[in-house]
Amino acid sequence: MTAQPAIAVENVGYRASDRVILSGVSFNVARGEVFSLMGQSGSGKTTLLKCLGGLIRPTGGSIRIDGHDIAAMGEADLNRVRLRIGFVFQYAALFDSMTVFDNVAFGLVQHRRAKGSQLRTIVRERLADVHLEGAEGLYPAELSGGMQKRVGLARALAIDPAVLLYDEPTSGLDPVTGRAIDDLIVETRDRLGVTSVVVSHDIPTVLRISDRAAMISEGMLVALDTPEGLRDSDEPLVREFVHSADSGG
Amino acid sequence: MATEGAAVRRNGRQSNALYDTLIFVGDSWGIALQAIGCILRGKVRLRETVRQMAAIGVDSLPIVVATAVSTGAVLAFYMSGVLVQFGADAFTGGTIALTFLLELGPLLAGVMVAARSGAAIAAEIGTMVVTEQVDALRSMAVSPIAYLVAPRLAACVAMMPLCGFVSDVAGIGGSIVMASLHGVPVEAFLDSMRLMADETDLAKGLIKTLWFGLTIVAVACRQGLRAKRGAAGVGRATTSSVVLCVVLIFVSDFFLAQLLTGASVATQ
């Protein structure tokens with residue numbers, strides 16, 4: 001008997017107006033795995049990630065998080081599942097009128113999971129997890145891009161998720177900061193055992209951090225393999241995409 | 001063939017406009033009803049509601065006073081001249097007071113709050129949408145309707161009668177000053193006002209402001225929540241919010257006037 005996957009995506013499709021964004025996408029993500037979705041801009045990978053996070057509903061197929069089909073459930077049930085999913089947005093999506101402390105504490109305060117000294121302790125711990133001790137009083141506008149992404153990760157971690165979804169975690173960052181974020185993703189998985197799905201078109205990031213990765217092209221899954229398998233793939237689309245990084249493209 | 005093509009395109013445009021209008025009405029009502037549901041279930045943040053009451057209501061009062069005083073003074077300037085000329089100056093106070101209590105006071109308050117606070121609501125929520133802050137709320141199982149719309153709706157509906165009342169007082173005050181400068185004694189103005197207008201007229205006007213408050217927040221939040229494509233999208237959402245709010249305030253004012261005063265006029 002095989003263990004139930006943390007995420008099971010089956011034949012997922014998404015149409016917006018008359019445009020097909022995703023078509024027949026299927027894959028499983030095992031517990032504690034770092035799974036990457038790569039592909040060119042506009043290939044549908046962010047749409048797929050938002051479907052996994054319950055932010056948009058697929059127009060076909062099923063998405064099971066811990067066995068619960070989030071594509072078919074009502075908003076109240078979906079909210080219960082969302083609390084097991086942390087979402088790290090491409091541009092961090094921090095609440096710009098709140099301090100770093102209030103951003104990280106937000107989910108806990110809204111769902112009355114902690115208050116007072118317990119809340120302060122959790123926020124400090126989550127900020128320490130992302131190496132941002134002492135940043136509690138700053139506002140998002142006072143942070144660099146890399147710091148904002150780390151606060152976004154701390155906010156996602158605060159609600160103690162089983163699954164973490166990262167949308168382009170290294171885009172817009174310099175290589176050194178990007179590498180620090182890569183390390184943080186792996187470190188977070190190793191320490192907390194969370195299942196991670198990373199959307200990226202940054203090939204070095206995908207190859208460095210992933211246990212397995214899938215390539216999406218024009219809304220369809222065209223390859224799924226380990227980083228080594230993708231590097232050695234004979235599939236022309238995959239070869240072109242993966243080796244474009246080697247040639248600096 | 002060319003005429004047929006033009007007719008098809010025209011029909012297409014008309015059906016698109018009708019479809020868009022139905023979507024807009026359904027969306028706005030849906031948002032308003034969900035927010036009312038949150039308020040009735042006590043799922044509204046009290047501190048944020050009080051903050052919004054200050055932002056939407058109290059902070060709007062200076063521009064409401066400024067526009068109402070000016071409008072009242074201009075109205076008195078024209079009316080007192082004509083009424084004094086025909087020896088009907090005894091009606092000046094009552095006519096102006098009725099005009100303000102039933103119509104201009106609530107309308108000016110509605111338009112000013114729509115222009116100031118409605119625009120601010122649409123811009124703030126629109127910016128949150130395009131920067132994915134609203135998605136971040138949803139990802140943490142927080143309803144944007146409960147978190148963003150409900151406090152603003154409760155605050156606006158609660159503060160609009162105050163804005164309407166202040167508009168009435170400021171408008172009538174401005175008209176008293178101007179009328180006295182044109183030969184209508186203050187005492188005569190007030191006597192006429194007491195004779196022709198009463199608390200029922202004040203109440204009818206203030207009831208209108210409740211509807212205007214609901215309309216402003218429903219439309220502004222709807223436009224903000226549907227904003228897309230960056231700063232330009234937020235700009236479009238803000239502009240369309242103000243235009244739609246003002247148009248809807250004027251159109252609904254016509255029907256509210258019929259509903260609230262039409263019956264009493266017909267029986268007189």
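Where in chain B does B:E132 lie? B:E132 sits in the loop between helix 4 and helix 5 (133–139) of chain B. Helices (H or I, at least four residues) and strands (E, at least two) are DSSP runs, numbered from the N terminus.

## Basis

This is a predicted model: local features need pLDDT of at least 70, side-chain atom pairs count only at pLDDT 80 or more, and totals for chains, interfaces and linings use all residues. Residues are numbered from 1 along each chain as its sequence is written, chains are lettered from A and ligands numbered from 1 in the order in which they are written, and side-chain values use heavy atoms, with hydrogens and water left out.

## Chain A overall

Chain A holds nine helices and 10 strands. Its C-alpha atoms fill a box of roughly 55 × 45 × 40 Å along the principal axes. The radius of gyration is 18 Å, which agrees with the value near 18 Å for a compact globule of 249 residues. That radius is taken over C-alpha atoms, and the globule rule is 2.2 Å times the number of residues to the power 0.38.

Of the 249 residues in chain A, 53% are buried. Buried means under 20% relative accessible area, exposed over 50%, partly exposed in between (1.4 Å probe, protein chains only). Chain A exposes about 11100 Å², and carbon and sulfur atoms supply 48% of this area. Areas come from the Shrake-Rupley method with a 1.4 Å probe; for residues, only the protein chains shown count as cover. Among contacts (heavy atoms within 4.5 Å) between residues at least 6 apart in sequence, 64% join residues at least 24 apart.

Chain A carries 26 positive and 32 negative charges, with mean positions 7 Å apart. Lys and Arg count as positive and Asp and Glu as negative; His and the chain ends are not counted. Each charge is placed at NZ of Lys, CZ of Arg, CG of Asp or CD of Glu.

## Sites in chain A

A:Q4 lies in the segment before strand 1 (7–16). It is partly exposed, at 46% relative accessibility. Leaving out residues up to four places away in sequence, A:Q4 touches A:R31, A:D66 and A:G67.

A:S217 belongs to strand 9 (residues 212–217). At 14% relative accessibility, A:S217 is buried. Beyond its neighbours within four places in sequence, A:S217 is in contact with A:S43, A:V222 and A:L237.

A:H131 is in the loop between helix 4 (116–129) and helix 5 (145–158). Its phi is positive, about 60°, although A:H131 is not a glycine. A:H131 is partly exposed, at 44% relative accessible area.

## Chain B overall

Chain B has nine helices and zero strands. The C-alpha trace of chain B spans about 65 × 60 × 35 Å along its principal axes. Of its 268 residues, 46% count as buried. The accessible surface of chain B is about 12800 Å², and 70% belongs to carbon and sulfur atoms.

Among contacts in chain B between residues at least 6 apart in sequence, 87% join residues at least 24 apart. Chain B has 19 positive and 17 negative side chains, and the centres of the two sets lie 14 Å apart.

Helix 4 (residues 92–130) of chain B bends by about 55° at B:F100. The bend is the angle between axes fitted to the seven residues ending there and the seven starting there.

B:E132 follows this helix. Its phi is positive, about 65°, although B:E132 is not a glycine. B:E132 counts as buried, at 12% relative accessibility.
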